[in-house]
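Here are my notes on this entry. They cover model confidence and the aromatic contacts.

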Amino acid sequence: MADRTVEEEINEVPEIDETLESVLVYTLEEAREKMAEGGDVVPFTALVVKENLFIETHPGDSAEACFAAARHTVENARGAGAYAFCYDGYVDTDAGQQDAIIAEGGLPGEEDGVAVALLYTIEGDVLKFEGEPAYVGPAPNFMAKLTQPTDEDAAAFEAAAEENFVEGDEEA
């Protein structure tokens, strides 16, 4: 996936909204399970609408195409209350570049989103994950131009999603 650069030094982890944190952790776990089963992580978004979670994959010929597809999906998700965009990538650490499953997410109307990562190593044929996700830093918020959803917005989103539900996408 495309490089994301965090320019600022992180002194402390900011308070993360509970719903946003839940969807970020959920996507990391889904990707971890997929990799543990030997599969590839196709970049995907998870949109929270009330108590529902709508998942959409964003395959592409390039990292830029995947990001653009995810951005398009999320920035037009009027009715969603939070999102996460998850992909397989890497992060630069004090120990050097490390492989990671990365989840970026945000809330409607917030200027910035957040990025978290689950580091992993591959030793021979063995895939080993770190125990807990780590805060990476601020990330673009694809929902920055949206407002908090009303009940009507959420109902309209759910109705449209049911109409356009494509086989292969998941709903949790």
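**Notes on confidence and aromatic pairs**

1. This is a predicted model. Among the elements of the protein chain, helix α1 (residues 18–36) has the highest mean pLDDT, 96. The lowest, 44, belongs to strand β8 (residues 170–171).

2. Two stretches need care. Over residues 5–9 the pLDDT is below 50, and the model gives this stretch 4 contacts beyond near neighbours in sequence. Residues 166–172 also stay under 50. There the model has 15 contacts beyond four places in sequence. Where pLDDT is low, the predicted coordinates should not be read in detail.

3. For the chain as a whole, mean pLDDT is 85. Of its residues, 85% reach 70 or more.

4. The whole structure holds 6 aromatic pairs. One of them joins Phe67 and Phe85, edge-to-face, with 5.1 Å centre to centre and 75 degrees between the planes. This pair links distant parts of the chain: Phe67 sits in helix α2 (residues 63–75) and Phe85 in strand β3 (residues 82–93), 18 residues apart. Both Phe67 and Phe85 are buried.

5. Phe67 also pairs with Tyr87. Why is this pair edge-to-face? The ring centres of Phe67 and Tyr87 are 5.2 Å apart and the planes lie at 70 degrees, and planes over 60 degrees apart count as edge-to-face. Again helix α2 is linked to strand β3, with Phe67 and Tyr87 20 residues apart. Tyr87 is buried, as is Phe67.

6. These contacts belong to a wider group. Ring pairs join Phe67, Tyr83, Phe85, Tyr87 and Phe142 into a cluster.

Terms used
Residues numbered from 1 in each chain as written. Predicted model: local features only at pLDDT ≥ 70, side-chain atom pairs only at ≥ 80, totals over all residues. Heavy atoms only, no water. pLDDT = per-residue confidence, 0-100. Helix = DSSP H or I, 4+ residues; strand = E, 2+ residues; numbered from the N terminus. Contact = heavy atoms within 4.5 Å. Phe/Tyr/Trp six-rings, centres within 6.5 Å; stacked < 30°, edge-to-face > 60°. Buried < 20%, exposed > 50% of the residue type's maximum accessible area, 1.4 Å probe, protein only.
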